[in-house]
Amino acid sequence: MAEKEQADRGKAQEAARALVVSSSPHDFSKRTTQQIMWEVFVALLPATLIGVWSFGFRAALVMGLTVASALGFEALWQAAARRPQTVGDGSAALTGLLLALNLPPSSSWWICMVGAGVAILLGKMVFGGLGQNVFNPALTGRVFLLIAFPAEMTTWLVPRTSGKLPETFLGHGTIAWDGSGNVLAGGVSSQGVDMITAATPLGLLSEKGASAITDVSFWDAFLGMGINGSLGEVSAMLLLAGGVYLGFRRIITLHIPLSFLGTMAVIATITNLIDPNMYAPASIHLVTGGAMIGAFFMATDYVTSPIHPAGRIVFGIGCGLLTMVIRLWGGYPEGVSFAILLMNATTPLIDRYVHGRKFGFVAKDTGGKK
Amino acid sequence: MLTAILVLGGLGLVGGIGLVVASRVFYVEVDPRIDKINDVLPGANCGGCGYPGCRGYAEAVVKGKAKMSDCAPGGTEAVDGIAAILGVEAEKVEPRVAVVRCSGDQDRGKEKFIYDGIADCRSAHRIGGGHKICPSGCLGLGTCSAVCSFDAVVITDRRIAVIDAAKCTGCGNCVEACPRDLIGLYPESHKVHILCSNREKGARVKKYCSCGCIACKLCAKESEHIKMDGLIALVTTESIPEDAPIPEEASLICTPGVILDERHYGHVAWATDPAVRDDFKTRAKAMKKKRKAERDAKKKAKAEAKAAKAPDEKKPDEKKDDEKPAGEDGK
Amino acid sequence: MGSFPGGVHPRYEKDLTAGKATRTLDPPAEAVIPMSQHIGAPAKVCVEKGDEVRTGQVVGEAGGFVSSPVHATVSGKVKVIEDRPHPSGKDVLSVVIESDGEDAWVDLDPHEADLLEIPLNEVKERILEAGIVGLGGATFPSHVKLSPPADKTIDTVILNGAECEPYLTADHRLMLEQPRAVAQGLALIARVMGAARGIIAVEANKPDAIQALEAEVGKLSGSVDAKLEVKVLPVVYPQGAEKQLIYALLGREVPSGGLPMDVSALVHNVGTAASMVRAACEGRPLVERIVTVTGDAVKEPDNLSVRIGTPVRELIEACGGYVDDGPAKLIAGGPMMGFAQHTDEVPVIKGTSGILVLSKRLVRRVEPGPCIRCGECIRHCPMKLNPAELVLYAEHDLFADAERVGALDCIECGCCSWGCPASIPLVQHVRKVKVEIMAERAKDRKAS
C-alpha cells in the first residue's frame, strides 16, 4: 500500500516535472505579427482589386511578380546568411504588395524584380531584417526605381474607367506589355496599339498648374474613376476605407494619417487661396497621387515611424509638410515617397525627444493633483 | 568662375586657420605614456580590469591606480610592455583561464521544469531557482558566452557552457556574469579540473545528475592539490609546482567522471564527444584493474610474509571473516 | 478605455468560480509554515523540532519593523524545521507541523470593547500580533502601512475590492459572504488613520458584492465620523493596481518612486481589512485565507477557505484533481501576475489568492520574434512607460539607461507582454533590469 502510494507520488512528481515555468504574465492576447500583416493585406484588398480591374490582367501580373520576388529575395538572403527562414511572417509579402501598388501598371518584369530586390535586400535585410530597418523597404525600392529608371517609372497607363481606350482594346481585356517583344501577358490589340499612356493629374499640375487639371473632379479621383497613376493609387475612397479598417481594428493608430493629411490640406488650402490658377485645392491634393496610400499604409509602417503617439503626430506633420513642398515647388510631381523616407530618417530623433509624460512624473509638492 | 574659386578657397582658408588656432588654444597635455601603454594592450575593451576600455586602464596604470598585472587578456606581454614603458620591474603573474565547474548538460543533469523565457541565466535563475534540479548546475542559456569578448565560451547542443582554454584570456567577465557562481579562474598550468560545484549529499546528487561530485574524497587522496571543502572537492587556485603535478589517477579514480584531465582531453571534446568519455571509462577501468592487481599482489605478499613469520597465529583470518559480512551490509 | 491610461481586457474566466460559495477545507495533516510570507525581513523561528504547538501559536517572530510574525495553523508537533519549496520559487526556511488532528487553538483574547471603541494603539498592536499582511498578493505588513511617518496625513482610505486579476474570485466571494467584516474593516482603518473618507472600490463585474457591501456600509454610516461609500469601477486590468486605483478614484497621481501616502491615500485589500477586524475584536491571528482554485486543468474549480501552510496538492485534490490530460502550468496567483510553480508541494501562504492550473491548450510557448515597434506595449502600459525601449536596454545590459527611462516605475502588471504580437517577454526583461539596478544601488550604498 505504502509502496503504491510512493509510486503514485513518484509518478506525480514526474508529471510535475513537465510543468512549464515562466515569468508572468501567463495569458496573452491573440494578436501576432503574422496576424497584423494579414490584417494589412485585408485592408489593401479593395485597393488592389480596383487596381487590377482598372488596368487589366497586367496589373495582377505586376503584383504577383513583385510579391513573389520579395519573398524569393528574403528567402535567399536568409538561406545565404544561414539564419532561420522568416518568409512566413508575411512582412516580405506585404513589402512586395506595397511596392507593387506604388509601381506604374506598365512596369516591366525586371522593374518588378529589381524593385523587390532593392526593397528587401537594401531596404530591410542589410539592416538585420524585420524590425531593424531605418527606411520603409517598399518606398526604398520605389524611390530607387524612380531615380534609376525615371522613364519606366513615369509612364502611366490609362485605366479602363477613363473611357479613352478604344473598344477593341477593351475587347481583349488586357493591355500588352511593350513593343519590343517582352510580352508577359495579353496580346497586341487589333489596332497595333500597345498601350495608351497619359500624364497623371499631379504631373500636369506640376508642369502646367492647377488650370490644367480642371477636368479632374474630386469625385472621380475619390472614387477612382478614370484617374491614372500607380496601381494602388486608383481609388482614394477604397484606400481610405482600408485605412479606417486598420484604425478600427487597432492595427494602426490614426495619429500619423490624420496629421499627415491634415497638414497637406492646410498647406494646399492656403496656397490655393493665394493663387487658384497655380495651386490646386486641398480636395485635389488629398485624393490624387500617393497621399492616401502613403498616409495610411506607408507612413504608418511601425518599424520606421515613431512609437509614441505624440511622436507620431510630429512625424505626420513632417511628412505632410515635405510632401507639399515637393509637390508645389519641387522637381518631381509627387513627393509622398520622398517625404516619408526623409521623415523615416528622423524617427530615432523624434522617439528620443517626443514622448508622453510617464505616470507619476508629477511635481511632488502638488500632492499628486493634476 | 573666378568668384567661385575665390569663395571656396577663402572658405577653406578661414576654416584651416580656425582649426590651427583651435588645436593650439585647446591643446590638452596628455601623458605620452598613456598612448604607449594603450598600444601594448590587446585593445579588446573587454572591461575585465574594471576600467572603461583599454585606454581607461592605461590611464589608471599611469596614475598608479591600477596594477600592471590587472589586464588579464594582455598576459605577460602586456605586463612586460607596461613595465618597460613605466621603467619599473615587471610584476610576475601567471596567466589564468576560466573553467566552468559543471558538466551536467541536458543528458546528464535532470531538469525540474520546462523553462520558458528569455535566454539569460540570471533571469532563469530567479524563476523557480533555475530549471536544473541541481542547485549549482549550469543552466546553459549562455549569459557567460554573451559577456565574453573573446568568443571563448561555447554553449554545446546539449546546453552547457564550456570554455575554450585556448581562447580564454582570464578577464573574468564570465565569472561575474554567472548567477550560480560556477566559473572559476585557475592558473594556466592547471591541467586537472573538477567540473562540479554541487554541495549536496552524494546520495541526493546521484538522483539528478550522472556527473556530480558525490564527495567520496577519493581524488583528494590522490593529490595534495585537491582538498575537500565540505561536500565538494576543489582544486587549489594556487599555482601547482611543475615537479609535483596532480597525477592522472586523480581524474581516473572519480566514478562519476567529474574530473577533467587536460593532458588527455580538451575541454570542448570532454563535454561533447562521447568517444572521449568511452576512452576515459576504458582507461579508468584499466587503472582500477591495475590498482586492484597491485593491491592483491601486496596483500598476497603480506599474507605470505605473515604466514612465513607466524604460521600458527589464526587471528588475522578470523578478523577477515568478521569483516566480510559487515562490508556486504554496508553495500 | 477606462479610468486610467492604458490597460487591457484579458479573458476574465471568472464565471468558473464566481458563483461558488466558499468551502472550508479541513486543516491539513502536515502544514508547512514558511518564515517568509511577507515583504521585508523573514520571521525568526521561535519553536524547536519536537515542540507541541497549538493552532494560532506564534512559530516565527517578526524579524524587524517591516516584518510580520507567523503562526501555527494546525495543532500538533513540529516535525522538522528546514528549507522547503516556496511559491516565490526559492526554497525558504519553514516550520513543518505534523497535525494531531485536534485543531486545538491557543486561548484567543477577544477585546471586551466594541470594535470602534478599542484604543488605537491596541488596534495596531493586535494587527501586528495577528501577523496580518496585504492579502491581495503584495503581502506588505499591514501594521507598517497603518503607521505612516508623522508628516504624512491620510484623508482617504481605500479598500481594494477591484480584483482585476482574471480568473480569481476569492475577494469577490469574501465581499459577498462577509460584507459586514469588510465594511467594519473600512470603518476601523479610517478611524485608525483619522481619514475623512473611506471607499470600497469594486469592479462593475461583481454586482452582487456591490449590493451586499452597499447595504452594510449604509448600516455603518451613521455610527462613524468618516464618510463611507462603495464605488463601482470599470472593468479593465490592472484596475486594482494601487496607483491606478488611486488615480481612478481620486484623480491623484502617486509620484514616481513615491507611496500612496504621498498623495494622502491608503489602500488595503478587502480581505486584509476583514482579517484586521477579526484580529482587533477576537484577537484571531491570520491562519487561513480564501483561495480560488481554478483553470481549465482542474476538474472542479472552486473557492476554498484553507489553512495557510496547506500544500497546493491538497487544494487541487479537494477540487477533483487535475484533468486527465494533466496540468501544463501551475500558477500561484492569477494569470497576469502570478508565479508559475514547478511543483504542487508548495504551501499556500498569506499572499496566495488563487491557484490557477492551465492545460496545454492555454500554455503558449512561442519563440519571441523581433520587435516590430508596433507600440502596443506603450498603448497598454498603465504607467505610460515605453516597455519596448526598456527591453532594448535590458538586452544590452544598459541598466543606467533603463533606469533613466523609468524601469523602476514598472509595476510588472504584464500588460505589455500580454499584448506583444512578437511574444516578447517584456516583463521578464524589465524584472531583470530592476534587480540589476537594485543590486547596483546596494553595492553603491555599501561602498559609501
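This is a predicted model: local features need pLDDT of at least 70, side-chain atom pairs count only at pLDDT 80 or more; totals for chains, interfaces and linings use all residues.

Visitor: How much area is buried between chain A and chain C?

Guide: The contact draws on 43 residues of chain A and 64 residues of chain C. Carbon and sulfur atoms give 55% of the buried area, and the total is about 4,700 Å².

Visitor: Which residue of chain C forms a salt bridge with Arg357(A)?

Guide: Four salt bridges are counted between chain A and chain C. In the one that involves Arg357(A), the closest N and O atoms are 2.8 Å apart, within the 4 Å cut-off. The partner is Glu253(C).

Visitor: How many residue pairs are in polar contact across the interface of chain A and chain C, and how many charged residues does the side of chain A contribute?

Guide: The polar contacts comprise 18 residue pairs, both residues being at pLDDT 80 or more. Elements giving two or more residues to the chain A side include helix H1 (2–16) and helix H15 (309–329). By class, that side has 17 nonpolar and 14 polar residues, and the charged ones number 12.

Visitor: Which helix gives the largest share of the side of chain C that touches chain B?

Guide: Chain C and chain B bury about 1,200 Å² between them, with 13 residues from chain C and 14 residues from chain B in contact. In chain C, His342(C), Arg365(C) and Gln428(C) lose the most area to chain B, together 45% of what that side buries. Four salt bridges cross this interface, among them Arg122(B) with Asp397(C) at 3.2 Å between the closest N and O atoms. The largest share, six residues, comes from helix H13 (residues 426–447) of chain C.

Technical notes. Residues are numbered from 1 along each chain as its sequence is written. Chains are lettered from A and ligands numbered from 1 in the order in which they are written. Side-chain values use heavy atoms; hydrogens and water are left out. Contact means heavy atoms within 4.5 Å. Buried area is the accessible area (1.4 Å probe) that two parts lose on being put together, summed over both. A salt bridge is a side-chain nitrogen of Lys or Arg within 4 Å of a carboxyl oxygen of Asp or Glu. A polar contact is a pair of N or O atoms within 3.5 Å; within protein, one must be able to donate a hydrogen and the other to accept it, and residues adjacent in sequence count only if both atoms are side-chain atoms. Helices (H or I, at least four residues) and strands (E, at least two) are DSSP runs, numbered from the N terminus. Ala, Val, Leu, Ile, Met, Phe, Trp, Tyr, Cys and Pro count as nonpolar, Asp, Glu, Lys and Arg as charged, and the others, Gly among them, as polar.
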